[in-house]
Amino acid sequence: MGGLSGALLLGGPVTPVAAAPFVGNTYGGVTSQGQPVVVDMKPTRRQIVRAVVALELTCTSGTGFVVPDRYTRVPVTRSGKFRVAFGPITQRNDDGTTTDVEGRISGALNRARTAISGSWSLSATEHDTTGAVTDTCSSGSVRWKAKQ
């Protein structure tokens with residue numbers, strides 16, 4: 001019989017081993033839409049290596065869908081704040097239509113650097129072959145929180 005199992009069966013002393021607190025560079029959580037968000041940071045907490053989220057977009061046409069969005073290499077200030085935006089970027093579709101996409105992410109780490117929160121948005125504007133707007137889809141400003 002093994003030493004530990006023998007001690008348990010015989011009522012011998014079992015000393016609990018204290019687990020070291022987990023201090024990593026990855027934060028996980030959910031958005032105000034109930035979707036997942038994951039943020040990987042450099043050990044210095046001065047750069048977001050990768051931030052990934054699933055966002056629910058609602059369109060003026062009445063449709064809606066969930067899409068992934070991500071940012072890489074986002075600088076973080078000494079006080080733990082960050083903000084970055086892109087777009088509009090025009091994507092040319094195979095059928096001659098275009099889609100303008102734009103988004104932004106902003107937020108901050110807490111003082112202990114154990115949690116991160118902010119807002120995230122993504123929108124897309126569809127244009128037909130003449131350039132007329134046919135649909136607009138947007139997540140709106142989505143709040144999110146993540147912790148180690």
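Start by selecting I48 and showing everything around it. Setting aside neighbours within four places in sequence, I48 is in contact with V39, D40, M41, T72, R73, V74, V76, F82 and I116. Contact here means heavy atoms within 4.5 Å. Before you go on, note that this is a predicted model, where local features need pLDDT of at least 70 and side-chain atom pairs count only at pLDDT 80 or more, while totals for chains, interfaces and linings use all residues. Residues are numbered from 1 along each chain as its sequence is written, and side-chain values use heavy atoms, with hydrogens and water left out.

**Stop 1**

Buried means under 20% relative accessible area, exposed means over 50%, and partly exposed is in between (1.4 Å probe, protein chains only).

**Stop 2: a charged pair**

Next, select D40 and R50. Their side chains meet in a salt bridge, with 3.1 Å from N to O. The term stands for a side-chain nitrogen of Lys or Arg within 4 Å of a carboxyl oxygen of Asp or Glu. The structure holds one salt bridge. D40 lies in strand β2 and R50 in strand β3, so the pair ties together parts that are ten residues apart in sequence. Is D40 buried or exposed? At 16% relative accessibility, D40 counts as buried, while R50 is partly exposed at 39% relative accessible area.

**Stop 3: the disulfide**

A search of the whole structure finds one disulfide. The link of C59 and C137 is right-handed, with 105° about the S-S bond. C59 lies in strand β3 and C137 in strand β8, so the pair ties together parts that are 78 residues apart in sequence. Both ends are hidden away: C59 is buried, with a relative accessible area of 7%, and C137 is buried at 3%.

**Stop 4: strand β8 and its partners**

Select residues 133–138 to bring up β8. How do β3 and β8 pair? They do so in the antiparallel sense, over two bridges; two strands pair if DSSP finds at least two bridges between them. C59 stands opposite C137 in β8.

Now show β7 as well. Five bridges join β7 to β8, and these strands run antiparallel. S123 stands opposite S138 in β8. β7 and β8 form a hairpin with five residues between them, and G131 in the turn has a positive phi of about 100°.

**Last stop: A124**

Finish with A124, which lies in strand β7. A124 is buried, with a relative accessible area of 11%. Beyond neighbours within four places in sequence, A124 is in contact with T99, D100, V101, D135, T136 and C137.

Definitions and conventions. Helix = DSSP H or I, 4+ residues; strand = E, 2+ residues; numbered from the N terminus. Disulfide = S-S within 2.5 Å.
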